[in-house]
Amino acid sequence: LAAALASVAVLALCARIEARFAPFCWVALVPWLLWLERADRTRTVLLTSWFFAVGFSCAVFGWFARGIAAYADAPVWQGWLALALLAPVLQPQFITHALARNWLARRHASWLPVALASACVYVASEWALPKLFEDTLGHGLSPSLHLRQAADLAGAPGLTLAILLGNECVCAASRQRSLRPLLGLALLVAALFAYGELRVRETAARA
């Protein structure tokens, strides 16, 4: 629960879509990912990821809870209760990703295949499962003029995939106590920035 709360707290800052919080997107999930690798029971992962979805929904979509209460002319606490009950529907990708990530981590020694596969599960879940809001982690990079340009290649889900892989690099570096995985993060950010610089220059030239 502590790992989930730590990641939710950082994600809540990223969800404010401010330039000063955008760098936190690259490390927000690290506590959660480190815990997922050590969890040994599927039921525990399922319950804790449900708690993660509830915490994220309450931290980021508190306005929706108040809106539910106002629309139904009900007490505010009932709006929050409804939001908590709806959390697995609003944010199902956290649950599917956690289950896939934990299952893969117990069967593969190498972190890179686990990172790639579980990140794909996250993005695929957001695409395939119905969500009331079209929110995704990639929106946290929108304040960055250069990093957000890559959205014209794969949309906001593409930026989400990049963020997930970046967090996996930091997680691997923390677990292995080695700086080598951080090279992957550096290359990822550099590639996004280089493409963004190209697009910004093209736009300026046309203008």
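Which side chain does E18 meet in a salt bridge? The partner is R16, with N and O 3.6 Å apart. A salt bridge here is a side-chain nitrogen of Lys or Arg within 4 Å of a carboxyl oxygen of Asp or Glu.

Before going on, this is a predicted model, where local features need pLDDT of at least 70 and side-chain atom pairs count only at pLDDT 80 or more, while totals for chains, interfaces and linings use all residues. Residues are numbered from 1 along each chain as its sequence is written, and side-chain values use heavy atoms, with hydrogens and water left out.

For the cut-offs, buried is under 20% relative accessible area, exposed is over 50%, and partly exposed is in between, with a 1.4 Å probe and protein chains only.

The whole structure has 10 salt bridges. Another one joins E37 and R101, at 2.9 Å from N to O. E37 sits in helix α2 and R101 in helix α6 (residues 92-105), so this pair ties together parts that are 64 residues apart in sequence. Helices are DSSP runs of H or I with at least four residues, strands are runs of E with at least two, and both are numbered from the N terminus. R101 is buried, with a relative accessible area of 1%, whereas E37 is partly exposed at 22%. These two residues also belong to a network of salt bridges that links E37, R101, E168 and R175.

One more pair of this kind is D135 with K131, where the closest N and O atoms are 3.4 Å apart. Are D135 and K131 buried or exposed? Both are buried.

Next, the rings. A pair of aromatic rings is described by the distance of the centres and the angle of the planes. The rule takes Phe, Tyr and Trp (its six-membered ring) with centres within 6.5 Å; planes under 30 degrees apart are stacked, over 60 edge-to-face, and the rest tilted. The structure holds 12 such pairs. In one of them, F21 and F24, the centres are 6.3 Å apart and the planes are at 45°, so the pair is tilted. F21 is buried at 11%, and F24 is partly exposed at 37%.

W32 and F52 make another tilted pair, with 4.7 Å between centres and 45° between planes. W32 is in helix α2 (residues 30-38) and F52 in helix α3 (residues 42-60), so the pair ties together parts 20 residues apart in sequence. Both W32 and F52 are buried. They are also members of a cluster linked by ring pairs, made up of W32, W35, F52, F56, F61, W63, F64, F94, Y122 and F133.

Now the cysteines. How many disulfides are there? The count is zero, taking a disulfide as two cysteine sulfur atoms within 2.5 Å. The cysteine sulfur closest to that of C14 belongs to C25, and at 3.6 Å it is too far for a bond. C14 is buried, at 6%, and C25 is buried as well, at 5%.

Last, the serine. S125 is located in helix α7 (residues 111-128). Its relative accessibility is 8%, so S125 counts as buried. Apart from neighbours within four places in sequence, S125 is in contact (heavy atoms within 4.5 Å) with Q93 and T96.
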